[in-house]
Amino acid sequence: MRWSQAFIPTLKEDPADAEVASHRLMVRAGLLRPVARGIYTYLPLMQRVLLKVQRIVREELDRIGAVELVMPILSPAELWRETGRWDLYGDLMMRLEDRHDRAYALGPTHEEVITDLARQEVRSYRDLPVNLYQIQTKFRDEIRPRFGVMRAREFVMKDGYSFHADAASLAETYDAYVEAYGRIFERCGLGFRAVEASSGAIGGDENHEFMVLADTGESLVLSCGACGYAASEERAEGVPAAHDLPPGHAPNPLEEVHTPERKTVEDVAALLERDHRSFVKTLLFDADGTTTAALVRGDREINEEKLKRHLGVQRVEMASPERVREITGAAVGYAGPHTLPDDVRIVADYSLAGRGDLVAGANRTDWHVTGLEIGRDVEPDEWADLMTIVGGDPCPRCGAALEETRGIEVGHVFKLGAKYSAAMGATFQDEDGEQRPFLMGCYGLGVTRVVAAAIEQNHDEGGIAWPVPIAPYEVELIPLNMDSPEVVETAERLYESCRAVGLEALLDDRPDRAGSKFADADLIGIPWRIVIGDRGLADGVVEAAPREAKADVEKLPPDEAAALVRERIEARRR
């Protein structure tokens with residue numbers, strides 16, 4: 001392709017709203033342009049990258065026997081109401097009505113639609129397993145679209161779904177997807193990690209996220225260098241604390257202390273000169289219509305995903321200030337566990353087990369209590385792993401210190417079990433003639449996110465440095481003097497040679513200055529470049545170099561340059 005025909009509108013200035021490198025460079029390098037917040041036009045360079053990612057995805061899914069189909073973007077509200085997700089998705093779902101006042105969703109995902117297809121078409125265990133996927137545009141009404149295509153309102157996603165007669169078959173396909181995703185991200189040139197994760201609104205019993213490691217990632221990953229354990233922040237497990245009261249511990253009396261206008265642990269700790277670890281945070285939640293008090297040590301945070309999983313509910317929300325006052329008789333910030341009404345379910349984090357001489361809210365505005373003893377003053381209804389794990393905490397598998405890294409979620413696989421099939425009456429006839437709900441798996445991969453993650457991992461101060469497998473072109477030809485017949489003729493001959501040996505070449509045929517061409521070459525990040533100039537041609541050579549190591553210049557005869565660069569690229573692929 002010739003630059004003059006390729007439509008690559010590069011920019012010198014960063015977009016004002018760009019917070020991360022991928023967003024900034026996608027706009028500057030002419031990959032996309034915003035239409036509205038979180039909605040983009042994908043320009044030709046971006047489309048070429050997307051198609052390469054999609055080709056890799058298709059090849060690896062074909063390898064494990066997945067079959068491609070396309071489902072509608074519009075899906076009727078009735079399907080979502082069968083599973084309860086019409087309400088659960090809330091404002092994140094794009095909704096509309098047709099001229100007959102029938103409600104529809106612009107699909108954020110397609111579990112309901114694919115389950116409806118299976119209940120109509122798959123009748124017997126003999127027809128199972130079924131393994132289907134699509135690559136399609138998805139829609140989510142993000143409250144704050146940001147980071148370019150990483151948190152957009154419209155994006156390209158691969159979503160796959162499998163149906164099974166038994167758990168063993170589901171496990172086999174799930175494991176095949178985990179391995180296929182690993183190959184996909186490796187082929188895309190990404191450094192990634194598979195981690196245990198929270199299932200969110202999709203649901204399911206077992207799931208893994210695939211994180212591309214990047215300092216700008218939204219997700220926090222906790223991992224163990226000793227045993228290989230890795231989990232997302234929402235899923236990382238805590239280690240139950242040992243009883244920390246010394247033998248012969250003499251409990252202090254429970255006493256109220258005046259703490260005017262001191263609501264936070266930090267403020268009260270400073271007033272009482274107490275360590276944050278000696279506090280109990282008492283947080284009140286509405287869990288599917290019932291009130292739960294979650295207790296955690298004062299120096300740690302509640303993990304709401306863990307609380308939701310423990311309670312077995314779809315949603316947990318902090319109780320409103322009015323509800324807190326109704327339950328405790330006090331303003332927010334003064335709740336304590338010891339005098340809560342009997343109908344409040346108390347769930348305590350393991351870190352509080354056996355603790356004494358604690359500080360907590362007094363359930364009275366401007367007052368706290370000291371000397372609180374677990375077991376004497378409050379007996380939790382249940383114990384659970386509730387706190388958010390941080391770097392330095394012990395690994396739940398081997399006890400070594402966990403490390404924190406940041407990652408960009410690019411894939412997520414779930415064992416859904418019968419969550420959707422049971423809710424929608426999607427059944428098959430088993431070997432005994434009985435009707436049973438399908439067991440399902442769900443497998444998502446963010447195609448546009450893969451592109452953004454690749455840029456986050458592969459860029460420098462000059463621009464993008466694409467991994468070869470997903471680069472829009474493999475080699476860029478840069479003639480430095482378009483007024484020189486010899487330079488132009490050699491560039492054209494090289495362009496045809498590249499095409500003849502199977503290289504995807506971009507010829508910068510613009511009459512611009514050399515500095516401008518080099519700056520744009522750095523910006524769009526084609527993996528290899530061949531520079532054609534008068535000085536080199538006087539010596540019978542052109543100069544070839546990889547994008548990420550421009551100093552490693554090779555001087556090659558023009559007639560041999562295309563084949564030699566092809567060899568260099570193939571060697572790196574191996």
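## Report on a predicted chain

Asp357 is placed in the loop between β17 (345–349) and β18 (358–361); helices (H or I, at least four residues) and strands (E, at least two) are DSSP runs, numbered from the N terminus. The model described here is predicted, so local features need pLDDT of at least 70 and side-chain atom pairs count only at pLDDT 80 or more, while totals for chains, interfaces and linings use all residues. Residues are numbered from 1 along each chain as its sequence is written, and side-chain values use heavy atoms, with hydrogens and water left out.

**Backbone features in loops**

Although Asp357 is not a glycine, its phi is positive, at about 50°. Its relative accessibility is 25%, and Asp357 therefore counts as partly exposed. Here buried means under 20% relative accessible area, exposed over 50%, and partly exposed in between (1.4 Å probe, protein chains only). Asp366, in the loop between β18 and β19 (367–372), also is not a glycine and has a positive phi of about 75°. With a relative accessible area of 23%, Asp366 is partly exposed. Another loop, between α6 (111–121) and β7 (130–139), holds Pro129. The peptide bond leading from Leu128 to Pro129 is cis, with omega near 0°.

**The chain as a whole**

The chain contains 16 helices and 31 strands. Its C-alpha trace spans about 95 × 65 × 50 Å along the principal axes. Of its 574 residues, 52% count as buried. The accessible surface amounts to about 25,300 Å², and 47% of this belongs to carbon and sulfur atoms; such areas come from the Shrake-Rupley method with a 1.4 Å probe, and for residues only the protein chains shown count as cover. Among contacts (heavy atoms within 4.5 Å) with a separation of 6 or more, 70% are between residues 24 or more positions apart.

Ser22 is buried because its relative accessibility is 1%, and His23 is buried with a relative accessible area of 4%. Not counting residues up to four places away in sequence, Ser22 touches Met150, Ala452, Ile455 and Glu456. With Glu456, the side chain of Ser22 makes a polar contact of 2.7 Å. A polar contact is a pair of N or O atoms within 3.5 Å; within protein, one must be able to donate a hydrogen and the other to accept it, and residues adjacent in sequence count only if both atoms are side-chain atoms. Apart from its neighbours within four places in sequence, His23 contacts Asp17, Ala18, Tyr40, Phe147 and Gly148. The C-alpha atom of His23 is 30 Å from that of Val553, which is 530 residues away along the chain.

**Salt bridges**

Side chains of opposite charge can pair when their charged atoms come close. A salt bridge is a side-chain nitrogen of Lys or Arg within 4 Å of a carboxyl oxygen of Asp or Glu. The whole structure has 45 salt bridges, including those in the table.

| Pair | Closest N to O distance |
|---|---|
| Glu59 and Arg55 | 3.8 Å |
| Arg510 and Asp512 | 3.7 Å |

Glu59 and Arg55 are 4 residues apart in helix α3 (residues 44–63), so about one helical turn separates them. Both ends are partly exposed: Glu59 has a relative accessible area of 36%, and Arg55 has 41%.

Asp393 and Arg300 are both buried. Asp393 lies in the loop between β20 (382–384) and β21 (403–417) and Arg300 in the loop between β15 (290–297) and α9 (304–311), so this pair ties together parts that are 93 residues apart in sequence.

Arg510 is buried at 13% relative accessible area, whereas Asp512 is partly exposed at 29%. Elsewhere, salt bridges with shared partners join Arg55, Glu59, Glu60, Arg63, Arg183 and Arg187 into one network.

**Nonpolar cores**

A nonpolar core is a set of buried Ala, Val, Leu, Ile, Met, Phe, Trp, Tyr and Cys residues joined through side-chain atoms within 4.5 Å. The largest core has 61 residues, and Met26, Leu31, Val53, Tyr181, Phe185 and Trp466 touch the most other members. Helix α3 gives the most to this core, with 8 residues. Setting aside residues up to four places away in sequence, Phe185 touches Leu190, Phe192, Phe210, Val410, Gly411, Leu445 and Val450. A second, separate core has 23 residues, among them Leu494, Cys498, Ile532 and Ala544.
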